[in-house]
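Reader: I am new to this structure and would like to go through it step by step. Could you show it to me, please?
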Amino acid sequence: MNSTVVTGIGELVTADGSGADRLGVRSGAAVVVEDGLVAWVGPQAAPPAADRRVDVGGRAVLPGFVDSHAHLVFAGDRGDEFAARMAGTPYDGGGIGVSVAATRAATDEELRALLAARVAEMRAQGTTTVEVKSGYGLTIEDEVRALRLAREVTSETTFLGAHVVPAEYAADRAAYVDLVTGPMLEAAAPHARWVDVFCEPHSAHAFTADEARAVLVAGREAGLGLRVHGNQLGPGPGVQLAVELGAASVDHCTYLSPSDVDALADAAGTTVATLLPGVEFSTRSPYPDAAALLRAGVDIALATDCNPGTCYSSSMPFVIALAVREMGLTPGQAVYAATAGSARSLRRDDLGRIAVGARADLTVLEAPSHVHLSYRAGVPIARALDLDA
Ligand SMILES: [Zn+2]
């Protein structure tokens with residue numbers, strides 16, 4: 001047994017669902033961590049005995065951010081594409097092929113080092129869990145390689161063979177869907193927890209509703225949970241498909257019809273709408289109205305979608321600030337969506353909150369309150385608290 005009591009917490013955000021914005025904020029609280037789990041939460045005046053004490057000096061402590069949507073296994077970058085987009089070239093998903101070529105050409109060691117650097121960059125900004133997708137390999141061998149590498153850094157691995165139709169299958173999409181739902185899925189499934197698909201009729205490179213359904217049904221039969229990239233580039237079938245199939249999450253939700261919002265509200269408790277405002281920022285797209293989704297009763301989450309094309313930011317604090325400034329959330333609602341909300345989208349109740357039995361993934365702010373995450377946008381105030389140091 002190895003126990004630590006964390007004291008001097010200026011504001012403890014438990015995200016336990018109680019109180020204003022469901023944040024469960026406590027003052028004068030201490031936390032005892034034992035063997036990596038939260039063992040006790042209570043008044044600082046009377047904590048139980050522990051092997052050691054860490055005093056955080058009046059700083060705010062939050063659950064570590066859960067980044068439930070990220071594409072971290074890739075080589076190369078697409079800064080030129082970003083610059084062209086800012087100069088007026090529209091995004092259509094085609095640039096993914098550039099990352100596929102660079103990723104296929106990279107060695108395992110190169111990809112492993114790139115992945116490790118990105119995970120460290122996230123941790124330095126307060127993220128303690130990240131979901132990692134494949135999707136820049138698009139051959140059996142390259143997709144399995146991406147998932148094997150991802151498994152070295154997280155248990156939340158997602159098979160995204162259906163990211164785009166690779167160039168070599170452009171003239172025979174059906175053959176690629178057969179590959180993704182057949183031998184590629186079979187090889188990938190042992191290394192993945194989830195299957196995902198880029199369902200987007202507005203991109204010639206992505207997948208139609210029928211193709212996406214085939215990918216998701218096959219993934220489910222292989223024992224994988226379901227996630228969907230939907231409604232990113234325009235109104236589309238992704239949200240309805242995700243809800244119909246009971247997916248854990250439908251991500252982007254940039255363009256939602258009233259019936260999409262109704263479907264998501266009816267699916268609360270099953271399907272989370274994961275919002276990725278870094279993508280709207282990086283593609284100069286309109287932001288979805290997150291406040292309206294909450295009012296309608298939709299479960300929402302926030303994630304980065306960190307990827308080389310549409311959002312090369314690993315920063316959950318940046319995402320929180322955007323959600324507040326551009327999507328109508330209060331600072332507290334945004335923090336809840338980035339912790340408990342995104343844990344929910346991964347169907348994990350041991351993450352995203354500070355409660356007895358949950359993982360002791362704590363993030364500390366160089367600030368007295370969670371409000372500072374959006375109030376002091378762009379300032380590096382969040383970091384994962386390393387209790388082993
Ligand atoms: Zn994505």
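Reader: What is the strand order in the open sheet of 7 strands?
Author: The order is β10-β11-β12-β13-β14-β15-β16, and the pairing is parallel. At the edges are β10 (132–133) and β16 (300–302), each of which pairs on one side only. Strands here are DSSP runs of E with at least two residues, helices are runs of H or I with at least four, and both are numbered from the N terminus. Two strands pair if DSSP finds at least two bridges between them.

Reader: Where do these numbers come from?
Author: This is a predicted model, in which local features need pLDDT of at least 70 and side-chain atom pairs count only at pLDDT 80 or more, while totals for chains, interfaces and linings use all residues. Residues are numbered from 1 along each chain as its sequence is written, and side-chain values use heavy atoms, with hydrogens and water left out.

Reader: How many bridges join β12 and β13?
Author: Strand β12 (residues 194–199) and strand β13 (residues 225–230) pair in the parallel sense over 4 bridges. Phe198 stands opposite His229 in β13.

Reader: Which residues coordinate the zinc ion?
Author: The zinc ion is held by His69 (NE2), His71 (NE2), His229 (NE2) and Asp305 (OD), at 2.0 to 2.4 Å. Donors are N, O and S atoms within 2.8 Å of the metal (3.2 Å for Na, K and Ca); water is not among the atoms, so sites may look incomplete. Along the chain, the donors of the zinc ion have the spacing H-x1-H-x157-H-x75-D. His69, in the loop between β8 (65–67) and α1 (79–86), and His229, in strand β13, are 160 residues apart and link distant parts of the chain.

Reader: Are His69 and His229 buried or exposed?
Author: Both His69 and His229 are buried. Buried means under 20% relative accessible area, exposed over 50%, and partly exposed in between, with a 1.4 Å probe and protein chains only.

Reader: And where is His163?
Author: His163 lies in the loop between β11 (157–162) and α5 (173–181). His163 is buried, with a relative accessible area of 4%. Leaving aside residues up to four places away in sequence, His163 touches His71, Ile96, Gly135, Tyr136, Leu138, Phe198, Ala206 and Phe207. Contact means heavy atoms within 4.5 Å.

Reader: On to the whole chain: how many helices and strands are there?
Author: The chain has 14 helices and 18 strands. Buried residues make up 56% of its 389 residues. The C-alpha atoms fill a box of roughly 70 × 45 × 40 Å, taken along the principal axes.
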